[in-house]
Amino acid sequence: MKIRPLILAAALLAGLSAQAKFTEFPDGSKVPDWFNDTKVPALAKLGKQYVVTDYGVTASDSTLIQTEALQKVIDLAAEQGGGVVVIPEGTFLSGSLFFKPGTHLHVAKGGKLKGSDAITHYKIIKTRLEGQTIDYFAALVNADGVDGFTITGEGTIDGNGHRYYDEFWLRRKVNRNCTNLEALRPRMVYISNSKDVTVQGVRMVNSGFWTNHLYNCSRIKYLGVTILAPTDGYPKGPSTDALDLDVCKDVLVSQCYMNVNDDGVCLKGGKGTWVDTIPGNGPVSNVIIDRCTFGKTNAGVTFGSEAWDCSNVIMKDCKFDGTFHVLLFKMRPDTPQQYRNVLIDGATGTVRNAVEVQTWTQFFDKVERDPMPVSGVDNVTFRNGHLICTRDFYKDRKTDFYTLRNFTFRDIWASAPDPTFDTSQITDCTVENVTVTLPEK
């Protein structure tokens, strides 16, 4: 392996704001034209607008739980052939809401849909969580089997999660092994079994649990969305992942900002020793993350602890500001995992580690399987990077339960306290035009 000094061209950083045209996935397959269309959905074309205050919902009391009244507006829109449920200026407090086929959600500028901070206001339903199908609490906004569903607007969806955060951390003081599910918290948005989903423009803040969870969906676009949860001080927002993609295909995440107390874009799909045989589990593929900015998230993109078959992931021209990782692979000893065909192109900013392959042993349960399929990461390219790393540029650990193959690092400048760049655990690794240097004093 030959490492040549980096000559950083000015053009490396010059075009970060320009939209790239995506033509090819890392496995060589063609990127559909759908990915290159980021036009905002025209509200007028989505059907009749149902401004909730015209249908019995009050704007005069922001402390009043109005779940039933809001649901009646959604049901009316569905009964009358579909349309857009509009949250106007003001704060509207609610428990779990269920959107029907043909309906959409628009949160107008100055409007806020705010979740109740009492879990009793969220229905218990059959849902998907942490790589399994279980009975659990619905999200604030739910859409199951709603093809073409959109969430748009300049307003805010507020998960009102601070009481949930307090309870979670209190439980952890009493029981350090307390799981996410035992803390009884609602997600903000759960969209399942749907295609052609678009979320655009809205601010999503303070989710009680995962912020956006999409399960068994395809052709998903997140455009210009801001996703925030507390990452400093007390209480931090535990497991407030910005966007969880669970058994999803064809996903575009473009020009979004994420600062949450866990993963930014997280790939999921199932877990466990027999993960590939369990109905409901499945792959995640064809994901493009374009011109996004990540604050203090765990990673820009995480191949998660509940993922097992993920491929064709592109992260292009993204910026990082105190993010823990650009790219994180979580490898579970109890789950056969195959991650492949990944391209990181144009990562800039400050991170803890640029790339890490991490052994994940929290809450795992390995059972007998002979032979156990081998886990591995294959065909990863990281190029055109300019990063300040506060720990390591690249990190893995020696292990025999997964393999690392066909990595390429090209045209990268980075600084790190330990400039050692050890790729000895990777089979067939190319390092070209890369410099990792000590930080400036």
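This is a predicted model: local features need pLDDT of at least 70, side-chain atom pairs count only at pLDDT 80 or more; totals for chains, interfaces and linings use all residues.
Residues are numbered from 1 along each chain as its sequence is written, and side-chain values use heavy atoms, with hydrogens and water left out.

The protein has a mean pLDDT (the predictor's confidence in each residue, from 0 to 100) of 93, and 96% of its residues reach 70 or more. Residues 1–17 have a pLDDT below 50; beyond near neighbours in sequence, this stretch makes 30 contacts in the model, a contact being heavy atoms within 4.5 Å.

Lys-100 sits in the loop between strand 4 (97–99) and strand 5 (103–107). Helices (H or I, at least four residues) and strands (E, at least two) are DSSP runs, numbered from the N terminus. With a relative accessibility of 31%, Lys-100 counts as partly exposed; buried means under 20% relative accessible area, exposed over 50%, and partly exposed in between (1.4 Å probe, protein chains only). Leaving aside neighbours within four places in sequence, Lys-100 is in contact with Gln-71, Ile-74, Asp-75, Ala-78 and Val-146. Ile-74 is 26 residues from Lys-100 in sequence, and the two C-alpha atoms are 7.2 Å apart in space. With Asp-75, the Lys-100 side chain makes a side-chain polar contact at 2.9 Å. A polar contact is a pair of N or O atoms within 3.5 Å; within protein, one must be able to donate a hydrogen and the other to accept it, and residues adjacent in sequence count only if both atoms are side-chain atoms.

Lys-112 belongs to strand 6 (residues 111–115) and is partly exposed, at 26% relative accessibility. Not counting residues up to four places away in sequence, Lys-112 touches Ile-87, Pro-88, Gly-90, Thr-91, Phe-92, Val-107, Thr-156 and Asp-158. Asn-142, in strand 9 (residues 141–144), is buried, with a relative accessible area of 4%. Beyond residues up to four places away in sequence, the residues touched by Asn-142 are Ser-96, Leu-97, Phe-98, Phe-99 and Tyr-190.

On the surface, Trp-274, Ile-278 and Val-367 form a nonpolar patch with about 260 Å² of accessible area together. Patches are made of residues with over 30% relative accessible area and no salt bridge: like charges are joined within 9 Å, and nonpolar side chains (Val, Leu, Ile, Met, Phe, Trp, Tyr) within 5 Å. Accessible areas come from the Shrake-Rupley method with a 1.4 Å probe; for residues, only the protein chains shown count as cover. Trp-274 lies in the loop between strand 21 (265–268) and strand 22 (284–290) and is partly exposed, at 39% relative accessible area.

The backbone also deserves a look. Most residues other than glycine have a negative phi, and most peptide bonds are trans. A cis peptide bond, with omega about 0°, joins Tyr-234 and Pro-235; Pro-235 is in the loop between strand 17 (226–228) and strand 18 (243–246). The bond from Asp-370 to Pro-371 is cis too, with omega near 5°. Asn-206 has a positive phi, near 60°, and counts as buried at 17% relative accessibility. Asp-428, in strand 31 (residues 426–437), has a positive phi near 65° and is exposed, at 55% relative accessibility.

Finally, a search of the whole structure finds 22 salt bridges, each a side-chain nitrogen of Lys or Arg within 4 Å of a carboxyl oxygen of Asp or Glu. One of them pairs Asp-33 with Lys-30, with the closest N and O atoms 3.8 Å apart; both residues are exposed. In another, Arg-219 meets Asp-196 with the closest N and O atoms 2.6 Å apart. This pair links distant parts of the chain, 23 residues apart: Arg-219 is in strand 16 (residues 218–223) and Asp-196 in strand 13 (residues 195–200). Asp-334 and Arg-332 also form a salt bridge, at 2.9 Å from N to O; Asp-334 is buried at 2% relative accessible area, and Arg-332 is buried at 3%.
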